[in-house]
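This report covers the fold and the charged side-chain pairs of one protein. The sequence and structure come first.

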Amino acid sequence: MSNEFDREPVSLRKPYPAKGVSQSNFNREKKLDQIRDHATNRGGFDTSGSRIAGAPFPQASPENGYYQIPLLKEPPWTWEIPLYFFVGGAAGAAAVIGAIASYTGADRELVRHARWIAAAGSVISPALLISDLGRPERFLAMLRVFKPQSPMSIGVWTLVGFSTAASATAFAGYIRDRYGSSLPVRLLENAGQAASLTFGLPFSNYTGVLIGATAIPAWNRNAGTLPLHFGASGLGAAVGVLELLGHRKSHALQTLGLGAALFETLEGFRIESDGNQSLSPLKHGPSGAITRVGGALAGPIPVLLRIASLLMREQSKSLRRWGAWSSILGSVLTRIGWIYAGHASSRDWRLALEERNVLKQT
């Protein structure tokens, strides 16, 4: 028997049974449909959306809802998760930058700093995740199985692989710089660096895949762009941290930072120009304010500061420093804004029902 939420008027139904449905079952189903429609038409809803006498079969709609009860559960994540998203994005991007810089023969100090940023993130990230879970055993329980179809399962295994590789790379680099090179150290460093590059790229943006795969309208609506959005935000943060550590003369970092900020600017414009109602938590209320401020700090402001640093050579270092701070703060606020937007989106029953109607029409 079909659900009352998905029921359409009897007059719009096909006058013959569907394939595999007997005529007797079809007649009984049709009779039940007629009884439901008759009861609903005699009853109805009051202006508040509550069922009144004579309407035992309420119909959920964006106008009236279903007793105005939220249809989706709010994300159970605590404050650690947006920080986990930020730290993981910056650490993964730093690992990629460090590996590419090493392969291309860039400044050894830049490589070392990028590796230590990745290593620090590889320690802080699982600590934040375990803190949110409440008990370390819950994190270990997530490692009992590997599900390729689950973004969460893929993410936790990516975290384990990245943490191991980033820590090993930083340790091997430290031993090499302090005690000299040897075959075991070179093998560990090279293997760890290759693994850091392999796991660092997905680790920097898998959180976008994770929240996009949910039923929350504000997240699901952007499932196609969230991984790129989070990846660019993490790249901007990693570049900013490296520049604050003294690498403000690197043209490669300037190019990467400018590219990330330009992408964030375009992504912000796309969200603002999309009139779909499911994106309203990203534009209105406290979550909208945080998202917009984070988008401005991660996008247009760093773009202007970095372009100005190219034109005004005397103030170049100062402008790049402010651009770095802007990108880092914008990356943090972007993650916080998206999490709060998910909470607001799940509380609004209108968004879920409107999204459902759109899917039914398509």
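In this predicted model, the side chains of Asp274 and Arg221 form a salt bridge, with N to O at 3.8 Å. The two residues are 53 apart and sit in loops: Asp274 between helix H9 (251-273) and helix H10 (285-298), Arg221 between helix H7 (217-220) and helix H8 (226-244). Arg221 is partly exposed, at 35% relative accessibility.

A second pair joins Arg306 and Glu243, at 2.8 Å from N to O. Arg306 belongs to helix H11 (residues 300-311) and Glu243 to helix H8, 63 residues apart. Arg306 counts as buried because its relative accessible area is 0%, under the 20% cut-off. Glu243 is likewise buried, also with 0%.

Arg292 pairs with Glu272, their closest N and O atoms lying 2.8 Å apart. Arg292 is partly exposed at 39%, and Glu272 is partly exposed at 37%.

| Salt bridge | N to O distance |
|---|---|
| Asp274 and Arg221 | 3.8 Å |
| Arg306 and Glu243 | 2.8 Å |
| Arg292 and Glu272 | 2.8 Å |

The whole structure holds 12 salt bridges. Salt bridges also link Arg108, Arg112, Arg115, Arg176, Asp177 and Glu189 into a network.

As for the overall fold, the protein has 13 helices and zero strands. Of its 362 residues, 46% are buried. Of the contacts between residues at least 6 apart in sequence, 70% join residues at least 24 apart. The accessible surface is about 18700 Å², and carbon and sulfur atoms account for 63% of it.

Note on methods: Residues numbered from 1 in each chain as written. Predicted model: local features only at pLDDT ≥ 70, side-chain atom pairs only at ≥ 80, totals over all residues. Heavy atoms only, no water. Helix = DSSP H or I, 4+ residues; strand = E, 2+ residues; numbered from the N terminus. Buried < 20%, exposed > 50% of the residue type's maximum accessible area, 1.4 Å probe, protein only. Contact = heavy atoms within 4.5 Å. Areas by Shrake-Rupley, 256 points an atom, 1.4 Å probe, with all protein chains shown as cover. Salt bridge = Lys/Arg side-chain N within 4 Å of Asp/Glu carboxyl O.
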